[in-house]
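Colleague: I'd like to learn how to read aromatic pairs and packing in a model like this. Can you walk me through it, starting with burial?

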Amino acid sequence: MTPTIAFSILLAVFVCGEIVAEKTRAILSTTLVVAVVLLVAFWCGLPADIFDTACVTAISNVLIGILITSLGTMIDLPELKRQWKTAVISLAGVVVGVALIILVAPMVIGREMALAGAPIFAGANAAALLMIHTIEEKGLTDLGGFIVLVLVTQNFIGIPIASQLLRRDARAFLRDPSNVAVYAASSDPNAGARSKRAPLQLPALFDKPTVHLLKLSIVAALSQKAAALTQGKIHFFIFALLFGILFSELGFLDKHALSKTGSNTFVIFATTIIIFTNLAKTTPAQLGSMLVPLLVVLGTGVIGVCICGIVAAKLLKVSPELAISLGLSCTFGFPTTMLMSQEVAKAMASNEEERIALENYILPKMVTAGFVTVTIASVLIAGVIVTML
């Protein structure tokens with residue numbers, strides 16, 4: 001098989017996943033479809049070395065730092081300040097969920113499998129990338145299939161629970177007519193906001209796709225150097241995320257910088273497809289043996305989020321249904337957080353005013369929660385847990 005043919009096969013699988021995700025409104029995620037198609041393909045004889053043949057292994061190792069850095073540019077610090085309750089609740093929920101997995105799950109499924117699954121419950125692809133790189137470095141490749149299994153199935157747990165809880169919260173919200181009046185009239189607090197020049201912002205001359213890519217690469221390289229100074233005690237991914245936030249606030253990196261490079265689609269493809277390398281070694285028997293550990297990890301994590309949500313709801317005076325949903329955003333993230341909010345608002349409203357009010361009430365909270373859990377917390381948690389393996 002030639003590199004071009006191998007690359008085309010992997011790209012075709014990824015495109016198939018994207019189309020299915022779009023048609024099912026992210027209920028069947030891209031990662032789930034890609035995992036299923038590749039798993040069946042490997043069992044039917046697809047060469048196990050297809051990733052190396054397509055040269056995506058080496059490419060992804062270069063691009064991962066750029067991707068994680070770009071995630072930092074997506075963080076809106078002013079919005080996090082406005083939604084501080086949401087940020088606190090969602091962060092606490094995912095931390096408690098992961099902590100419960102680490103404390104309880106080893107008694108049933110063993111320490112290594114619990115540690116491998118815990119950060120994946122906390123987020124999505126970035127955490128999975130970090131964990132897969134770590135287990136390969138430490139020779140724990142048998143855990144790779146389990147990491148992928150947790151990654152592609154957790155949304156089937158989180159989505160239905162969060163959706164039903166948000167519907168219950170929406171009913172309570174609509175019982176008070178004043179809520180509808182306030183939220184139906186609310187507007188974007190960022191409207192007409194600041195265009196003040198940031199300290200490290202470059203002149204308009206440098207507003208080019210190649211320059212945006214270069215700046216991301218420079219910050220990613222600085223992150224690697226910073227991680228080296230700690231002798232690996234703080235993972236490179238953590239510095240990449242934090243430096244992405246820092247240099248975005250200073251103006252060196254643009255907000256949503258990756259989308260301005262002209263290479264957004266390719267970077268996401270190359271760094272996502274590499275997650276599934278371990279599926280080439282996963283047999284049907286191994287997959288069956290992972291089902292009980294999968295249920296233990298996801299069940300324990302959800303219980304932890306629910307317990308934390310109930311406590312946080314009382315302390316911060318929000319509904320338990322909303323608090324639990326915010327914590328469970330770690331199992332599906334954006335864009336499902338947005339789609340779910342819109343669908344709940346549409347389903348529960350009896351008129352356009354109620355729909356707008358519900359959407360203004362739910363959507364900013366869920367989207368913020370998704371960024372806190374999946375984009376920030378999952379990388380930080382995975383960076384800590386890799387040192388425990």
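Predicted model: local features only at pLDDT ≥ 70, side-chain atom pairs only at ≥ 80, totals over all residues.

Colleague: Then is phenylalanine 7 partly exposed or buried?

Modeller: Phenylalanine 7 has a relative accessible area of 23%, so it counts as partly exposed. Phenylalanine 269 comes out at 2%, so that one is buried.

Colleague: How do I read a pair of rings?

Modeller: A pair of aromatic rings is described by the distance of the centres and the angle of the planes. Here the count of aromatic pairs comes to eleven. Take phenylalanine 7 and phenylalanine 269: their ring centres are 5.5 Å apart and their planes stand at 80°, and planes over 60 degrees apart count as edge-to-face, so this pair is edge-to-face.

Colleague: Which helices does that pair link?

Modeller: Phenylalanine 7 belongs to helix α1 and phenylalanine 269 to helix α14, so the pair links distant parts of the chain, 262 residues apart. Ring pairs also join Phe7, Phe14, Phe266 and Phe269 into a cluster.

Colleague: What about tyrosine 183 and tyrosine 361?

Modeller: Those two form an edge-to-face pair as well, with 5.4 Å centre to centre and 80° between the planes. Tyrosine 183 sits in helix α11 and tyrosine 361 in helix α19, 178 residues apart. At 25% relative accessibility tyrosine 183 is partly exposed, while tyrosine 361, at 11%, is buried.

Colleague: Back to α14. Which of its residues are buried?

Modeller: In α14, which spans residues 264-273, the buried ones are Val267, Phe269, Ala270, Thr271, Thr272 and Ile273. Their cover includes α1, α2, α3, α4 and α9.

Colleague: And how do I read a nonpolar core?

Modeller: Think of buried nonpolar residues joined through side-chain atoms within 4.5 Å. The largest core here has 99 residues, and Leu10, Leu38, Phe51, Ile273 and Phe276 touch the most other members. Apart from that core lies another, of 26 residues, including Leu174, Ala313, Leu326 and Ala369.

Colleague: What is phenylalanine 51 in contact with, leaving aside its neighbours within four places in sequence?

Modeller: Phenylalanine 51 is in contact with Leu10, Leu38, Phe42, Val56, Thr57, Ile273, Ile274, Phe276 and Thr277.

Colleague: Last one: where does the charged end of lysine 215 sit?

Modeller: Over the ring of phenylalanine 252, with the charged end of lysine 215 at 5.7 Å from the ring centre.

Key. Residues numbered from 1 in each chain as written. Heavy atoms only, no water. Buried < 20%, exposed > 50% of the residue type's maximum accessible area, 1.4 Å probe, protein only. Helix = DSSP H or I, 4+ residues; strand = E, 2+ residues; numbered from the N terminus. Contact = heavy atoms within 4.5 Å. Phe/Tyr/Trp six-rings, centres within 6.5 Å; stacked < 30°, edge-to-face > 60°. Lys NZ or Arg CZ within 6 Å of the ring centre and 35° of its normal.
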